[in-house]
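Subject: Structure for you to look at

Hello,

Here is the structure I said I would pass on. Please open it first, then read the notes under it.

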Amino acid sequence: MTTTEKREDLVSAERSERLNANLARMEELSTRLTSALARRRAHAAALQGPSSEVYLKAAAAYLAEMMRDPGRVIEHQVNYWGKSLKHYVEAQQMLARGEFKAPPDPGPQDRRFSNPLWESHPFFNYLKQQYQLNAEAITTAVGDMEVLGPDDRKRVDYFTRQIVDMFSPTNFLGTNPDALERAVETDGESLVQGLENLVRDLEANDGEMMVTLADRNAFSVGGNLATTPGSVVYRNRLIELIQYAPTTDKVHKIPLVIFPPWINKFYILDLKPQNSLIKWIVDQGFTLFVVSWANPDASYAEVGMDDYIRDGFMRAMAEARRITGAPQINATGYCIAGTTLGLTLAHLEKAGDKSVKTATFLTTLTDFSDPGEVGVFLDEDFLGGIERQVAQDGILSKLFMQRTFSFLRSNDLIYSPAIRSYMLGEAPPAFDLLYWNGDSTNLPARMTMEYLRGLCSDDGFSKGAFKVFGAPVALRDIKLPIFAVACETDHIAAWKSSFNGIRQMGSKQKTFVLSQSGHIAGIVNPPSKGKYGHYISAAPVEGAPDAWREGAEFTAGSWWPRWAEWLAKASGPKVAARIPGEGPLPALAPAPGGYVTEQG
């Protein structure tokens with residue numbers, strides 16, 4: 001036997017040994033997998049997907065289309081059959097000529113199919129082209145169902161897209177060239193590591209499938225995230241109020257209070273110093289207070305919207321005034337906190353309370369007549385399931401909120417991370433934004449249903465029917481100066497719906513800004529990055545959103561400086577900087593406080 005043959009035998013033996021070891025590890029992991037899945041709790045079926053009524057309506061609509069216009073349906077079918085057959089024949093002809101390559105590929109570019117084998121290898125290219133032809137045929141058929149009403153059409157469109165995305169060949173090991181190549185290169189090690197990642201996620205989530213988006217060990221809230229100096233200066237059962245340390249000798253007299261959403265945690269506004277909106281505001285010479293919300297457990301079951309308004313919004317406003325001695329504050333609300341800030345302001349106006357001078361609304365919905373993509377989850381099938389679940393648990397678990405928002409961008413937040421983690425065996429990336437995205441919170445049962453039914457489903461605020469402390473309030477009751485920011489590609493708070501809510505407010509001074517990008521990136525957009533621009537118009541905030549957009553001018557760069565200029569004019573003269581804890585309330589703890597690290 002030659003030296004080369006001996007070396008090859010040695011390598012083969014080593015690879016065989018590694019493969020056998022990996023198979024043994026897989027057997028051990030399979031036992032843990034079974035144990036983890038057994039811990040999964042039973043949940044209301046309605047929380048796992050829409051009712052069968054959605055699919056029955058889609059089937060009935062398709063049959064109705066066949067009866068109403070059979071020619072068009074037949075045309076669609078013949079077109080699909082023709083494309084599929086043509087592609088099959090082309091692939092066969094290539095192989096018959098002995099050419100191991102794919103036929104011409106006119107399909108759309110799709111980053112899911114970035115591996116060169118999707119273009120060059122006959123098998124993978126055939127799968128890709130057939131998938132794209134099927135997806136096109138299904139999407140066209142659904143899009144042409146004219147007998148569906150607008151709400152049903154949105155739901156059928158959305159859930160059809162989810163099913164089409166789910167069946168992408170990239171989502172399956174046997175038809176994913178990246179995963180197969182990695183498995184061969186690593187002698188199966190990648191598959192074992194992927195199974196370990198899967199088992200880890202199932203164990204961490206009590207048997208629920210929730211892919212870890214970011215390395216949990218790479219970040220620490222208060223360590224390398226949320227590091228802007230400040231102090232907790234007030235605490236109750238719902239909030240910690242953080243006052244941030246000044247970085248300028250003088251500050252504006254009127255303080256700013258920011259209310260982040262309590263669906264996630266406030267440090268999205270303070271991830272790192274270079275993209276921290278909190279630090280940037282402080283550096284502009286404002287006294288800044290930020291609310292950090294408690295992460296509820298079942299003992300919060302009866303906490304409702306009135307409690308959030310009284311013990312959260314109004315209490316934070318009062319304490320900020322007491323600490324600074326200012327007669328008024330400027331207030332900012334982000335997402336659901338913007339909606340609730342609107343309710344609070346409407347109540348204060350009716351009560352004759354002028355303690356808030358201006359309001360800023362960030363990606364805020366107050367008119368839910370068209371809630372955008374989120375609206376597919378606001379039908380009775382989901383609402384009824386949520387109502388039954390929160391009645392049992394006392395909270396809406398963060399699991400359901402995370403999953404719902406992830407499905408709004410399923411390819412980015414579910415399938416791609418799952419492929420990297422479970423099929424390629426990669427460790428989650430050290431990405432601060434994704435870390436924050438996975439650090440969500442529970443919601444109290446009463447508040448959840450008041451918000452979902454009273455505000456979202458019934459559109460109570462826009463209709464003047466939603467009650468605060470027993471009395472109805474309306475958008476027209478909000479009469480102070482307003483600065484509103486919506487985001488162009490926002491999947492959670494559609495910008496046109498946000499515009500419609502601001503339009504109905506009773507204020508005579510309204511500034512509306514449309515930022516590029518989405519719900520997070522359009523807001524957390526520091527000027528130093530020079531990344532996303534924004535649109536603004538001198539025209540009144542009235543009429544149709546599209547008409548406003550046509551008349552708006554584009555400005556490169558962040559909207560932050562424009563807001564700071566607007567805010568400075570409403571914040572009074574400069575006074576000596578205020579140090580947290582040196583006012584009438586002592587410092588209770590350093591920022592970011594304790595509530596932000598609570599896990600539910």
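How many helices and strands does the protein have? There are 19 helices and 17 strands. Both are DSSP runs, numbered from the N terminus: helices are H or I with at least four residues, and strands are E with at least two.

Two points on where the values come from. This is a predicted model, in which local features need pLDDT of at least 70 and side-chain atom pairs count only at pLDDT 80 or more, while totals for chains, interfaces and linings use all residues. Residues are numbered from 1 along each chain as its sequence is written, and side-chain values use heavy atoms, with hydrogens and water left out.

The whole protein

The C-alpha atoms fill a box of roughly 90 × 70 × 50 Å along the principal axes.

Of the 600 residues, 52% are buried. Buried means under 20% relative accessible area, exposed means over 50%, and partly exposed lies in between (1.4 Å probe, protein chains only). The protein exposes about 26800 Å², and carbon and sulfur atoms supply 55% of that area. Accessible areas come from the Shrake-Rupley method with a 1.4 Å probe; for residues, only the protein chains shown count as cover.

Contact means heavy atoms within 4.5 Å. Among contacts between residues at least 6 apart in sequence, 80% join residues at least 24 apart.

There are 62 positive and 71 negative side chains, and the centres of the two sets lie 7 Å apart. Lys and Arg count as positive and Asp and Glu as negative, with His and the chain ends not counted. Each charge is placed at NZ of Lys, CZ of Arg, CG of Asp or CD of Glu.

Helix 13 (residues 398–407) is mostly covered, with seven of its 10 residues buried. These are Lys398, Leu399, Phe400, Met401, Gln402, Arg403 and Ser406. They pack against helix 12 (380–393), strand 8 (395–396), helix 14 (410–423), helix 15 (432–437) and strand 9 (443–444).

In helix 7 (residues 177–185), the buried residues are Pro177, Ala179 and Ala183. Seen down the helix axis, they fall within an arc of 165°, so they line one face of helix 7. The arc is that of the directions from the helix axis to the C-beta atoms. An α-helix has 3.6 residues a turn, so residues three or four places apart point the same way. The buried residues of helix 7 pack against helix 4 (117–120), helix 5 (122–143), helix 8 (189–204) and helix 14.

Single residues

Which residues does Arg155 touch, not counting those up to four places away in sequence? They are Pro50, Val54, Val376, Asp379, Asp381 and Phe382. Arg155 sits in helix 6 (residues 150–166) and is buried, with a relative accessible area of 6%.

Tyr532 is in the loop between strand 13 (510–515) and strand 14 (534–536). At a relative accessible area of 23%, Tyr532 is partly exposed. Beyond four places in sequence, Tyr532 touches Gln516, Ser517, Ala521, Asn525, Gly557 and Ser558. The C-alpha atoms of Tyr532 and Gly557 are separated by 5.5 Å, although the two are 25 residues apart along the chain.

Ala552 lies in the loop between helix 18 (545–551) and strand 15 (553–555). Is Ala552 buried or exposed? Ala552 is buried, with a relative accessible area of 14%. Apart from neighbours within four places in sequence, Ala552 is in contact with Tyr535, Ile536 and Ser537.

Backbone points

Cys335 is not a glycine, yet has a positive phi of about 60°. Cys335 is in the loop between strand 6 (329–334) and helix 11 (336–350), and counts as buried at 14% relative accessibility. Asp459, also not a glycine, has a positive phi of about 55°. Asp459 is in the loop between helix 16 (445–457) and strand 10 (467–468), and counts as buried at 7%.

The peptide bond from Ala591 to Pro592 is cis, with omega near 10°. Pro592 is in the segment after strand 17 (589–590).

Regards
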